[in-house]
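Hello,

Here is the structure for your pocket work. My notes on what was found in it follow below.

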Amino acid sequence: MGAQIIDGKAFAAKVRGQVAAHVARLKADHGITPGLAVVLIGEDPASQVYVRSKGKMTVEVGMASFEHKLDLDTSETDLLALIGQLNADLKVHGILVQLPLPKHLDEDLVINSIDPAKDVDGFHISNVGLLGTGQKSMVPCTPLGCLMMLREHHGSLSGMDAVVIGRSNIVGKPMAQLLLGDSCTVTIAHSRTKNLPDVVRRADIVVAAVGRAEMVPGDWIKPGATVIDVGINRIDAPEKGDGKTQLVGDVHFDSCAEVAGAITPVPGGVGPMTIACLLANTVTACCRSHGVDEPEGLTA
Ligand code: NDP
């Protein structure tokens, strides 16, 4: 293996440390405690795990955590009423509605009912527009985490060729905007892209956000390129015993690590950074709402 491993777990711990230090200053200097409200509808086991771990880390950095668990059959009216209360609640600086939502709820309507200043996921249409026009916004957590790791590894990204595989609103598109904002030359690839291996081979930076286990092999990677693997896929692992599974990314780690200059592992790469960036966004939102200095280096 030639590539340097970009340790997202260690970097996320550092980011959480910076967040905790800023939270302590906000309390001491201004008497403010940043608060994050997380709304979970239904009992999806993966979502429950995410929400638990978000709540635990929110408290660990000294912020207030408000969890709202609603029944699977909660009506849109009731959910919008709760979001209205959270929008008005001065103790709440960040609101996250855990996705995906049950089918009877309109995701766009729900997201766009969150006060954009409290939209710590960065999915509100106002924040999407602000990011797209290079203005101060709340930035989606996963792409923000990827950008932070790239900046930490490379310093400047200016002039680099970047290929983002995936064009979702949550990861691919905002990732491309952020890379463009840092003056990369950006290509967005998707399921209709022709000659994907050749497109990826041109890249100094590859961000894979596809949702297909180990889709990107090492012979697609330009020697020395940096590979950021956003994918989280659970596959069977018969070698571990009957019924056992393991997490893998969208990148074939072993073959890519032979060729790449640097690579993020799965698990332990992008995942931990996503939660750290959620906490960073909450403290940023809190500072903006109170008109006090934002922490440096924790947003785009
Ligand atoms: P989506 O399913 O919303 O988007 C997947 C994208 O991949 C689409 O744009 C799709 O193209 C593209 N795609 C699908 N198949 C191919 C193919 N064969 N070749 C090229 N492109 C293809 O997924 P998300 O963006 O929400 O998530 C992507 C991955 O990232 C998932 O594994 C998810 O679990 C993970 N994830 C991880 C997070 C973390 O914290 N680490 C957070 C969020 C997501 P098209 O638009 O043409 O259909």
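H2 gives the most residues to the lining of the largest pocket, seven. A pocket here is an open set of points on a 1 Å grid over the protein atoms alone, with protein on both sides within 12 Å along at least five of seven lines, and its lining residues have an atom within 4 Å of a point. Helices (H or I, at least four residues) and strands (E, at least two) are DSSP runs, numbered from the N terminus.

This is a predicted model, in which local features need pLDDT of at least 70 and side-chain atom pairs count only at pLDDT 80 or more, while totals for chains, interfaces and linings use all residues. Residues are numbered from 1 along each chain as its sequence is written, and side-chain values use heavy atoms, without hydrogens and water.

The largest pocket has 46 lining residues, and those nearest its centre are Tyr50, Thr142, Ile232, Gly271 and Thr274. Two or more lining residues come from each of helix H1 (8–30), helix H2 (45–60), strand S4 (94–97), helix H6 (141–154) and helix H10 (270–290). The volume of the largest pocket is about 1400 Å³, taken as the space filled by probe spheres set on the points, which are joined across faces, edges and corners. Its lining has 26 nonpolar, 11 polar and nine charged residues; Ala, Val, Leu, Ile, Met, Phe, Trp, Tyr, Cys and Pro count as nonpolar, Asp, Glu, Lys and Arg as charged, and the others, Gly among them, as polar.

The chain is divided into domain 1 (26–121 + 273–290) and domain 2 (141–272), with bounds from an automatic or database domain assignment. Both domains give residues to the lining of the largest pocket, so this pocket lies between them.

The second largest pocket has a volume of about 450 Å³. It is lined by 22 residues, with Gly122, Phe123, Val128, Asn169 and Ile170 closest to its centre. Helix H4 (107–111), helix H5 (125–132) and helix H7 (172–181) each give two or more residues to that lining. The second largest pocket also lies between domain 1 and domain 2, because both give residues to its lining.

As for the domains, their centres, taken over C-alpha atoms, are separated by 27 Å. Contact (heavy atoms within 4.5 Å) takes 10 residues from domain 1 and 11 residues from domain 2.

Regards

Definitions and conventions
On a 1 Å grid over the protein atoms alone, a cavity is a set of points where a 1.4 Å probe fits but cannot get out, and a pocket is an open set with protein on both sides within 12 Å along at least five of seven lines; lining residues have an atom within 4 Å of a point.
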